Amino acid sequence: MTANDIFQMVIYFGALLLLAKPLGIYMARIYEGEQVPPARILGPLERAFYRICGIHPDEEMDWRQYAAAVIIFSAAGMIVLYLLQRLQGGLPLNPQRFPGVPPDLAFNTAVSFVTNTDWQDYGGETTMSYLTQMAGLAVQNFVSAAAGMAVLVALIRGFKRNSAGTIGNFWADLTRGVLYILIPLSVVYSLLLVSQGVVQSYSGYKRVELSQPVIYDAVKLDGKGGPVSSPDGSPLREKTGVKEQIIPLGPAASQIAIKQLGTNGGGFFNVNSAHPFENPTPLSNFFEVLAVLLIPAALCATFGKMVGDMRQGRALLAAMLLVLVTMTALCTWSEQRGNPRLAALGVNQTAGSLQAGGNMEGKEARFGIVNSTIWAAATTAASNGSVNSMHDSYTPLGGLFPLLLIQLGEIIFGGVGSGLYGMLLFAVITVFVAGLMVGRTPEYLGKKIEMFEMKMAALVILIVNALVKVGTAIGVSTAAGVAGISNPGPHGFSEILYAFSSAANNNGSAFAGLNGNTVFYNTALGIAMFFGRFWVIIPVLAIAGSLAKKKQVPPSLGTLPTHTPLFVAFLVGVILIVGALSFMPSLALGPIAEQLMTGR
Amino acid sequence: MSRKSRKQRALFDPIIVRRALWESVRKLNPLYQIKNPVMFVVEVGSILTTCLFLQTLSGRGEAAPGFIFQIAVWLWITVLFANFAESMAEGRGKAQAAALRSSRQDIEAKLLAGPDRKSKISYVPSAQLKRGDFVLVEAGNTVPGDGEVVEGVASVNESAITGESAPVIRESGGDRSAVTGGTQVLSDWLVVRITANPGETFLDKMISMVEGAKRQKTPNEISLDILLAGLTIIFLLVTVTLLPFSIFSVRAAGQGSPVTVTVLVALLVCLIPTTIGGLLSAIGIAGMDRMIQANVIAMSGRAVEAAGDVDVLLLDKTGTITLGNRQATAFLPAAGVDIGALADAAQLASLADETPEGRSIVVLAKEKHNLRERDIESLGAVFVPFSAQTRMSGVDLGGREIRKGAADAVAKYITAQGGGFPDDVRSLVDNIAREGATPLVVAEGPRVLGAIRLGDVVKGGIRERFAEMRNMGIKTIMITGDNPLTAAAIAAEAGVDDFLAEATPETKLKLIREHQAGGRLVAMTGDGTNDAPALAQADVAVAMNTGTQAAKEAGNLVDLDSNPTKLIEIVEIGKQLLMTRGTLTTFSIANDVAKYFAILPAAFLSIYPALGALNVMRLATPQSAVLSAVIFNALIIIFLVPLALRGVTYRPLGAEAVLRKNALIYGVGGLIVPFIGIKLIDMIITAIGIV
């Protein structure tokens, strides 16, 4: 690693920590129903919205009602998004005249955006109309994020409340999350991005003449698209020239802001934030990658504030940081070491003042190694899934860390809301084992962890695990699954494993090598995303309901403290061991085998 | 303490071991194994590998017959070891139960027609006695069933139940009226009203508890079971999907062969938490057994577990915190009397007084004023014993008449002798009484010498015990009928956290409810009928065996030694039980890391030879690597049986310190130990050439 690598990492994590606490406390106040400064302007809007929709924000729900509300809301969103894609050909705001999206792809995309996964089997600029992007995808970017946060807040209330039957009102939590948190942040962010040159436009795509026409050798094609053979049997080549280019445009900045902030990750353009109109400058890159972890980090502070003990939030944040910083550093180190195959071709991979050095395949020159690896780690840790470099082109070891961060269950920061509720489940399991070790029925935040909680927590880990493993097994055993692979050897295995890990954990990032837009992958990954989201949310809310009913046990010397470095270390140990144990064999057949085969 | 008087059973008693060996084979019955999902999976794996071995005999096996055979054998051994651990724990309980049962021979009971010794006697077998029958038990007879003394006083040998050879007094009325079937009356006679129907007696309950016949899984055990089952399913998924993964990889790599089912089964068994899964029920039974070793009978496993969670301990002052009898703590002379003279007179008056109070006066004089104990005979003194008329005792010694007694009794005596009761002594006496202590006045002839203060004496070492409890996070509360002033003084001296003065059954109940409403778990001890409501309300209620039937029925633990400080031990046993489960779970899971490093490179070596780099232990061959991991996995169970039966050592430290210690030993240790163990086994099996 170079000094610059370390410097950039310090700046990034420093800025993140600096912003997490004030934002977290602000969010806690919103969910506690307190009056916040923006309420002067937005308050009337909120109340009007409640009146129109017939919502009574003070009517509390028990966990079953809350879960039903989440599911009904998400199902409705899925249907609307599906129809919007199918019918976009006849709807306005479609300057490129894109036809309706095919059913399997529309299903996959609808599930993907409603589950906050944002797995994309399509290229935005060649598939989706502006209306679908704005009224469909961007809307889900907001509400799927807000729904995740609402579920988290319900779980926190479960810890906080004493002998209570209810855990809040989903509609109010959803509305307040969108109105007071996501919209104001997105407005600020959109303006920051536009200032850096991210496009925001309703006009159609522009054709421009290249100032430097490009001439290159290409294989000559016959009328049917096949290669024309020369008399000696080798394909015939001819000079081809490109004189003009199509510039895709659209309302990108507003959508990119929420895509980053809401851990959605679905790019406006196909190559996501590697695209110069989606992420033009190093500064825009810094803003965007900061946005990836901003809300997940701040939610730790929200949690601390809401349970009345900031140290508890800090401990979870420390555990997340410990894992993420280590993995970021390892990933950066591995990429900065360069690619032995490129070295064999005589490519200079040493870092200097003119180049970042290292393995630059699939990375943007304007970001270099470290700003690509920070992004790769952040986006996989946080279930965001947006990319500014192609993970498929990483060295095997460099690509292992993003994959591992996903497989740990998207709990190292994780999705907005969903990451922290996943982390809390791990904290529950850790408390259970550690609590037994100190000779007491385990307690977390004053709530006894008993049979029901263990059952639900085990269920969650089991479901996600099963989705990844069974999905990958089907993928590698069927012709349709194997057809999507574009690389031979263990790398092809990694591609399928990555896809199912990403979908089941609602991350949405892709290993890029896999061709996912087939009926098989659209369907299989859609199913994985669906169950990976809702079969987790329901047990989490069930735990929230069960915890809320319990009495709060006051802490004593015999109670295991859950804010100390020792507990953080134990928690990280449990996360790594459970993660490593369940994925070690599959990783051995993928990136580990590939890395060892490169001989270093 | 009671620990010394207890009979220790050797951990590996040959008789118990022999029976456990047989039992562990009997428990291979799949219908029995299915109750334990982890071990059930191992048994299915054993059957599967055995079938694979049989298949090789037909010449079409997936691997060398010798290899599959050895894997199958060690998998069966793994199941047997787990069964053995459980049988050992049960065996210890059964041995205890057999000893108890031997004290319950069917004896002939003297059935009375009514609750009167003189009513008509008929002889019936004890098994036919029903609740409400009256029986006569005379010296030498065995008490035919549980009951309550309605008439008579007798000394009873309860060693069959308690292991304590000193006889105890049982009498009608009060808190010492309960007798237990199987105990023996040594002197005098008793009329007993039977309180339990046949088959429901205390002894029956004890036997069924120690035998584990009625053992139900406790809440924490079920939660742990869920976690272990969850892990088992995850690892099942890991290994099952490994087959398609490896088939794909063979195609992708263009070399090697897919992983064999034998290796997959071996991997599965190594990964699932067999260590804790195999020892879990043994730990639970052993916890109950440790309670019995401490002479405490748990009426449910839940009570044992709850004991570890106790936050608040209610303790009776008398007998628990202070010695049962008041003792002399100070000599307070009247004006103009030398304190030495008072002490001398007091000691003389008490020399022949064998009551605990009298003895304590002699001792105090000796300790404080260096007055040696004298022999009353050689002094030629005449002892005047306490009588209900005079309410004084004393000594006549060469014309000196020394008396001690209650203030008003002595005042009457002085007045009769022509003396006057001095005002300063009167105020001394009042002060002592106000402090909650008992004043005794000493007079010689017509002259009052001063007063003796009889006060509560805090038991030695109890302060340290309470400090331990505080470190464990347990709050101690002293319950006393004294006034708040006295209570505060004793509470401060004993080092309890809080006290309840002028306690009544109602205030006790209220106190417990208040703490429970605050989310705390409350434990208390009690023996009297008036304790019963509070005992019933408390989460952990330890009834004294000497206590009344009502108290015993309200409690969920019965202390056979009737030692109120036993509660502290009970809490420790409860904590130890949970700790043993937690530490072995951690150990079991941490072990998996090393097993991966043994099995994964071995399984995939033919596909990706580069994975040989993961063989950090440098195990000889792929076969020896897999076999070593399986053998280690089986042997570790048997090595940990003593730990499971004895429990993890418990020290009263804060939760943080305990976690640090255990995480280091069982977590980090669990990571390292299998690396060494598997390497050693690999070296041995390679040296003797069985693979």
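Let me begin with the surface of chain B, which exposes about 27,000 Å², with carbon and sulfur atoms supplying 59% of that area; please keep in mind throughout that this is a predicted model. Buried residues account for 57% of the 691 residues in this chain, and its charged side chains number 67 positive and 67 negative, the centres of the two sets lying 6 Å apart.

Turning to the fold, chain B contains 24 helices and 22 strands. Its radius of gyration is 34 Å, well over the 26 Å that the globule rule gives for 691 residues, so the chain is more spread out than a compact globule. Along the principal axes, the C-alpha atoms fill a box of roughly 120 × 60 × 50 Å, and of the contacts between residues at least 6 apart in sequence, 70% join residues at least 24 apart.

Now to the aromatic rings, where a search of the whole structure finds 18 pairs over all chains. One of them joins A:Tyr189 and A:Phe287, and because the ring centres are 6.4 Å apart with the planes at 85°, the pair is edge-to-face. It links distant parts of chain A, since A:Tyr189 belongs to helix α7 and A:Phe287 to helix α9, 98 residues apart, and both residues are buried.

A:Phe530 and A:Phe534, by contrast, form a tilted pair, at 5.2 Å centre to centre and 50° between the planes, and both sit in helix α18 of chain A, 4 residues apart, about one turn of the helix. A:Phe530 is partly exposed, at a relative accessible area of 30%, whereas A:Phe534, at 4%, counts as buried.

Finally, ring pairs link A:Tyr66, A:Phe73, A:Phe170 and A:Trp171 into a cluster.

Technical notes:
Residues numbered from 1 in each chain as written. Chains lettered and ligands numbered in written order. Predicted model: local features only at pLDDT ≥ 70, side-chain atom pairs only at ≥ 80, totals over all residues. Heavy atoms only, no water. Helix = DSSP H or I, 4+ residues; strand = E, 2+ residues; numbered from the N terminus. Rg over C-alpha atoms; globule rule 2.2 N^0.38 Å. Buried < 20%, exposed > 50% of the residue type's maximum accessible area, 1.4 Å probe, protein only. Contact = heavy atoms within 4.5 Å. Areas by Shrake-Rupley, 256 points an atom, 1.4 Å probe, with all protein chains shown as cover. Lys, Arg positive; Asp, Glu negative; His and termini not counted. Charge placed at Lys NZ, Arg CZ, Asp CG, Glu CD. Phe/Tyr/Trp six-rings, centres within 6.5 Å; stacked < 30°, edge-to-face > 60°.
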